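Let's walk through this structure together, starting where two chains meet and then moving into a single chain. Keep the 3D view open as you read.

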2 protein chains.
Amino acid sequence: MNAEIINIGDEILIGQIVNTNSTWLAEKLESIGLKIRQITAISDDKSHIVEALDAAASKSNLVVITGGLGPTEDDITKQTLAEYFGTKLVENQEVLNDLKRFIEARNLTMNKLNIKQAELPESCTVVRNTIGTAAGMWFEKDETVFISMPGVPFEMKKMFEESFMPMLQSHFKTPEIVHFTVQTYGIPESNLAELIADWEKNLPRYVKLAYLPSPERLRLRLSTISTNVAETEQFMQSEYEKLRAIIGNAIYDVGDKYLHETIGDILREKNATLATAESCTGGNISRLITSVSGSSVYFKGAVVAYSNEIKMRVLGVKSETLQSFGAVSEQTVKEMAVGVMRLYETNYAISVSGIAGTNGATDGKPVGTTWIAVADKNGVRAERFVFGTQRDTNIRRASSKALDMLRKFILNFE
Amino acid sequence: MNAEIINIGDEILIGQIVNTNSTWLAEKLESIGLKIRQITAISDDKSHIVEALDAAASKSNLVVITGGLGPTEDDITKQTLAEYFGTKLVENQEVLNDLKRFIEARNLTMNKLNIKQAELPESCTVVRNTIGTAAGMWFEKDETVFISMPGVPFEMKKMFEESFMPMLQSHFKTPEIVHFTVQTYGIPESNLAELIADWEKNLPRYVKLAYLPSPERLRLRLSTISTNVAETEQFMQSEYEKLRAIIGNAIYDVGDKYLHETIGDILREKNATLATAESCTGGNISRLITSVSGSSVYFKGAVVAYSNEIKMRVLGVKSETLQSFGAVSEQTVKEMAVGVMRLYETNYAISVSGIAGTNGATDGKPVGTTWIAVADKNGVRAERFVFGTQRDTNIRRASSKALDMLRKFILNFE
């Protein structure tokens, strides 16, 4: 079963708002087994709306339309739909009553524009809106279903979840889709693809594998239509075990979590605490860890030591170390990790010192050069990396790498 | 001049990622006078890509394609484009050298998939990618220009700004659009609209005003087509002066800068230094400030004190203060600011302590309650805010508010 989403409204086309409605709808539609074929954003233009409806209807079983249902003159979706389906607008008494209640509850008075919101295409099934003035509409034509909803996100979401979603499930009787996501870190996409090529080749044709890369992680997602969810989940689990045998420790989790969330789970389970000493990452690792509610249980805090003076006075890095090896060196980063672990009295510490860019490069230390250390009471491990030339990406990559080093250090990998 | 954007990739269609590339591109294309007619997201499917290219080319002068350029088998955009334009893939020596440099700088080795990234359609103009492996492509057919870029946002943005944007400007010779952006903070959108209603009414019809709100700032952008740039800029300047007379100190800058960038300029100009003491913001303010290259001149660092123990031992907050007033209080946040200013020996300090959520609320201190202080050698000023219930938004809003308080404190406003 194919579906398409059409978003009507100028705000998306001029880059003023991000199209989060489609992201939300796509996930919901996919969860009930409707495959999104295309998402199309267009402006409030009658002939373009008709063109988009025709194109979508010719390929899909469902067309979901959002936006263009406001009371002002620029909103023409409702009139266009009435013409498209060869019907006329008639006043809907139920919707008019809803509107009166809605307006009165806000101590406002009904005006012509409000009353116009109760005029709806005669041939559609009307879906009422209790938290706004634009009603929803359901049309059917040549085996294709069309639904129209307001573009205001919270109105659209409530209307879809409470009314359209159950209506669609009962209408299309679609199969269940099962996803299984494996979270990996540390092996670049092309190398990973080579490593798992044989495994991938042996996947059944009805299972789809997607690589989803970002500086934070590389997700591998298996998807399939399922007639027996328990059986499919068991199959996914067995494929996951095969994958683990190949790329082992590069897998940090299954499901949705980021590394900083998984690190939190590991620390919580070990009843252990962490602090960070950050130079070039500027507090980004601390920010990631504390973005998780409840992180105060395992995270005591950070020292962002952006100057050598602070590295010495607050973290206890020796002046000779800085003079002999520089701020971006194995020796400095090790002393930073040990220093913050001692100061904050934690079980573990992460430290980072690097040249994020765009300036700061020296002989033998190009932009991107970064030393990272992880420590516990038994010792400290440091590693050198050369990331790229983009300051923000260097910071993100150093942060992810540091979290992954800590994960492997705590779990005694390598 | 019409343009269309086509995003290729399953991630958008299954609702896994939000299509921010299109929002960014739409704004950029609009700024050089190209009107976006349609934004279309489709999957990595050859016949569908061809169908979308045909549809877009029949109505628009420019087709901007993102995504589907990865090295793995599911990415088929490059092959499809080669077939669509009746050309073949050939190895591009320059791109191959770029790739070698890129791979070697990361201490990785070239593999077959990497090398495949250097194979490009013979008839296109190749645009090199210095921060990733997928090159950009420029095609022309029947008066329509097609450009193809990787879907990874930072690679796409760099490639578009540095290469494709100037190429498009020179190719289409679009009229000059002059923008003038005023950066404001602290007055909500609807209040601001009321305050400046008369000024807005008196703007000439050919000048467009856009309100661009976010938790970080509210931008007011004036745009107009210009035949004489110097004259238009002078006009914009005079409108800006009128606006300043109305909303004065709520304007923190003109241009593109965020508050954390403007703060950097102010500190640099005053030859002054800053440190932060952060609890609920978890290092986010420090991260923002250090996201600016060269910030080490004025920023010495931060103490993220996520536990009371660290607030006392590292920042010198008195145990009696925490016991009598709690961690989220005027007294604590003032001692944190003074403490970090003393420890880091800076001219200024920011401190934040609040309940970001989702847990941590107490009687009289709901989630969102946040105390912020700013300090210099002459004194410390603290203020209480109650933000919302969303953890991430609370952290963003507390960070922006703290930066704005520091701006007003340094500049002796209010």
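Between chain A and chain B, 36 residue pairs are in polar contact, with both residues at pLDDT 80 or more. A polar contact here is a pair of N or O atoms within 3.5 Å; within protein, one must be able to donate a hydrogen and the other to accept it, and residues adjacent in sequence count only if both atoms are side-chain atoms. On the side of chain A that touches chain B, the residues divide into 29 nonpolar, 30 polar and 17 charged. In this sorting, Ala, Val, Leu, Ile, Met, Phe, Trp, Tyr, Cys and Pro count as nonpolar, Asp, Glu, Lys and Arg as charged, and the others, Gly among them, as polar.

A word on the ground rules: this is a predicted model, in which local features need pLDDT of at least 70 and side-chain atom pairs count only at pLDDT 80 or more, while totals for chains, interfaces and linings use all residues. Residues are numbered from 1 along each chain as its sequence is written, chains are lettered from A and ligands numbered from 1 in the order in which they are written, and side-chain values use heavy atoms, with hydrogens and water left out.

Back at the interface, chain A brings 76 residues to the contact and chain B brings 75 residues, contact meaning heavy atoms within 4.5 Å. The two chains bury about 6000 Å² between them, and carbon and sulfur atoms give 50% of that area. Buried area is the accessible area (1.4 Å probe) that two parts lose on being put together, summed over both.

Side chains of opposite charge can pair when their charged atoms come close. Nine salt bridges run between chain A and chain B, a salt bridge being a side-chain nitrogen of Lys or Arg within 4 Å of a carboxyl oxygen of Asp or Glu. One of them joins Arg37(A) to Glu51(B), with the closest N and O atoms 2.7 Å apart.

Strands also link the chains. Strand β14 (residues 299-305) of chain A runs antiparallel to strand β14 (residues 299-305) of chain B, and five bridges join them. Within this pairing, Ala302(A) has Val304(B) as its bridge partner. Strands pair if DSSP finds at least two bridges between them; helices (H or I, at least four residues) and strands (E, at least two) are DSSP runs, numbered from the N terminus.

Now look at chain A by itself, with its 16 helices and 17 strands. Its radius of gyration, taken over C-alpha atoms, is 28 Å, well over the 22 Å that the globule rule gives for 414 residues, so chain A is more spread out than a compact globule. That rule is 2.2 Å times the number of residues to the power 0.38. Along its principal axes, the C-alpha trace of chain A spans about 85 × 55 × 40 Å.

Which strand does β16(A) join through eight bridges? The partner is strand β17 (residues 379-386) of chain A, running antiparallel. These two strands form a hairpin with two residues between them, and Ala375(A) has Val380(A) as its bridge partner in β17(A).

Finally, visit the loop between β15 (348-354) and β16 (369-376) of chain A, where Thr358(A) is found. The peptide bond from Gly357(A) to Thr358(A) is cis, with omega near 0°.
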